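Here are my notes on the model. Please read them with the structure open.

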Amino acid sequence: MSFFATESYFVQGCEDAESSETRFRLCQELWDKIKTDTEVLQDELNRKILDSLLDFTRKCSSTRQNSDWASQMRASEIPTAALMLGVNIPDHDMTFQSLSDMLKQSVSPHVASVQAKECGALKHLMKKVLERLMDTVVVVDDEDEEENVETSPRVHRSVHCSLGILCDWYAARTKKSATGTPGKKRSSQVRDEQQQPPVVIIFKDLEAFNPRVLQDFILICSQYIDRLPLTFIFGIATSPSTIQHMLPHSVSSLLCIELFQSLSCTQHLATVIDKLILTSHIAFKLNGKVMQVLIGVFLYHDFSVRNFIKGLQLALLEHFHSQPLSVLCCKKKKALFNVTQLSKPNLDRIRQLPSFKRYVEKQEAQEQVNLMTDDSHLKELCQQLIKDLHKYHKNYYPILRCLHTLTSSLPRYPLGKQARVLTCFPFRMLAKGELVSLLQKCVEILQLSKSKKMKNALTLLEMNESRRAKRLSPFENLRNEALKFIDNLVKSHLSPPESQPLYEVCYYSSSATVRRHLNATPRTSIQAALSNPYHYLQNDSLKSEDGTVSNAAPDICIAYKLHLECGRLINLYDWLEAYSTVVLAAEGNDPDSEHFGKVDEVKHARFIRAVSELEFLGFIKSTKQKTDHVARLTWGGC
């Protein structure tokens, strides 16, 4: 788990070292569960589209074995699956990894995945494809061949890497498998499919490929389709028209394209939230503001479910790192045991919780005194409050799903208090069949709940159904009965989490911290690092006062600080002289010596590198006004 590199990192800055080890262990266990559940859920969500792709490759492979005229005409084209994945680019890697693994397990061992960044030219694309299919090193240029022959024992020597080599390799592999261990006789079609598996090439990010490189590669592949059973899979983030824009008709006509649409990222996120966050199985919770930040980052940045999970991971880490009472954020039995182990400082922290203070204020005077002075009595009460909090979550989420079921298809109106939410929706607009259907969905939701109160609610809903069937009362009266009953459920079980005593031990509420970490401000961070390198490096020799930079600071920090003292144009020679003076002072040279201030080659090179780095970061640029000057581009500090 990348965020939890070491326990010492987690413990650093914690006020209560006594419980830090327990919190670290609970945090890691909780994240492992979330990670595992997320992977399982994503596999389930992608299962349908991946199974369709597997069927497509199998069908294409069997078509090649058919001898009828239509199949032969189709076999002259390269089967191509256009996989529409959406703009959530960070999530694509996991999908392609699952697809590649499933193809190798059930369809063909010959699968290669390529990305545009590693295939800038045709020879690079050909090299990557051959290397990943043949599991060997392919040499492209004569100059590299001699060097690689000496260093690598697995070199496939080729001046020009071509698909002809791949065809020969494929023929040898299929011939070898055909003469393998004898077994039972199989049908000719099954035998041919197993002996001639397709060669699948996955283009992960089609839009990013050079169109000319892609066109040339397809033209070359089409010349070998009779010797090599190729199948392409195009990963597309935008729209199917991308293929038409990148490939002329003379090239696209060589492809037999079939479109596949994956689950949208918003549906994916909704399922993740429903199964992992809006559930009582995981003790850790996010409050409304933190959820708004994470969903806002998802909607306005990259639509990445993977990055949403990273934000959840960040909130989890921050909660257990900053909240000593998070030792109670775990399963009920373990939480009840941890209550008995609470130290005196943690008991005092419970007394300072806003939710607990509100609870104490509602008690009688003697009870208030006991809770604030008697630790044993406080532990007993905390055990009961923890039980109530877990019971609250068990009742809260089923009723929340029922409310969503009843209201998701209705017109939206401004809501009043949460207890009166149902009265704000026009249920009288619903037809008889629609309301009965919604109530049946609520029954199905409550059937999945393990709470006794939810079971009782299920019995009452079923009674409403039976009364309607037996007494045949007017539909309006029955609808009002059902509405009143559900309204009472909402009032009883959908009170805000903040109203529950000790909710702080499970709920993370620092939305500002999450926003600061996820909504990056690169320029501010870079300027802070260059102005005050001690902030990041934590080296005592870099400490400085009054905004000055230490002489021992990195070269780029010294050059940056000096450039702030200049105007719009900076004389490079003057800048170099000032830099040399600062560096010589840091080295402890005597200012009165004869060689002080002279710039040697090493310092000159260091200065050039620092200036180049500042130019790369966008602080300066060269100018044609004066050849020995650079232009300053930024103004104002952090």
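1. A112 stands opposite I201 in β5. Strand β5 covers residues 199-203 and runs parallel to β2, with four bridges joining the two. Strands count as paired if DSSP finds at least two bridges between them. This is a predicted model: local features need pLDDT of at least 70, side-chain atom pairs count only at pLDDT 80 or more, and totals for chains, interfaces and linings use all residues. Residues are numbered from 1 along each chain as its sequence is written, and side-chain values use heavy atoms, with hydrogens and water left out.

2. The β2-β5 pair belongs to an open sheet of five strands, ordered β2-β5-β6-β1-β7, with parallel pairing. At the edges sit β2 (111-114) and β7 (255-261), each pairing on one side only. From one strand to the next, the twist averages 20°.

3. Which strands does helix α4 lie across? Helix α4 (residues 92-106) lies across β1 (78-84), β2, β5 and β6 (230-236). It runs at about 180° to β5. Helix α9 (residues 211-222) also packs on the sheet, touching β1, β5, β6 and β7. The direction of α9 makes about 160° with that of β6. Contact means heavy atoms within 4.5 Å. Axes are lines fitted to C-alpha atoms, for helices over the stretch in contact, and angles run from 0 to 180 degrees between N-to-C directions.

4. Helix α22 (residues 475-493) has 19 residues and should span 27 Å at 1.5 Å a residue. The expected span is 1.5 Å times one less than the number of residues. The end C-alpha atoms of α22 are 27 Å apart, so the two agree. Its buried residues include F475, R479, D487 and H493. Buried means under 20% relative accessible area, exposed over 50%, and partly exposed in between (1.4 Å probe, protein chains only).

5. C167 counts as buried because its relative accessibility is 3%. C566 is partly exposed, at 27% relative accessible area. A search of the whole structure finds zero disulfides, a disulfide being a pair of cysteine sulfur atoms within 2.5 Å.

6. Now the whole chain. The protein chain has 28 helices and twelve strands. Both are DSSP runs, numbered from the N terminus: helices are H or I with at least four residues, strands E with at least two. Of its 638 residues, 43% are buried.
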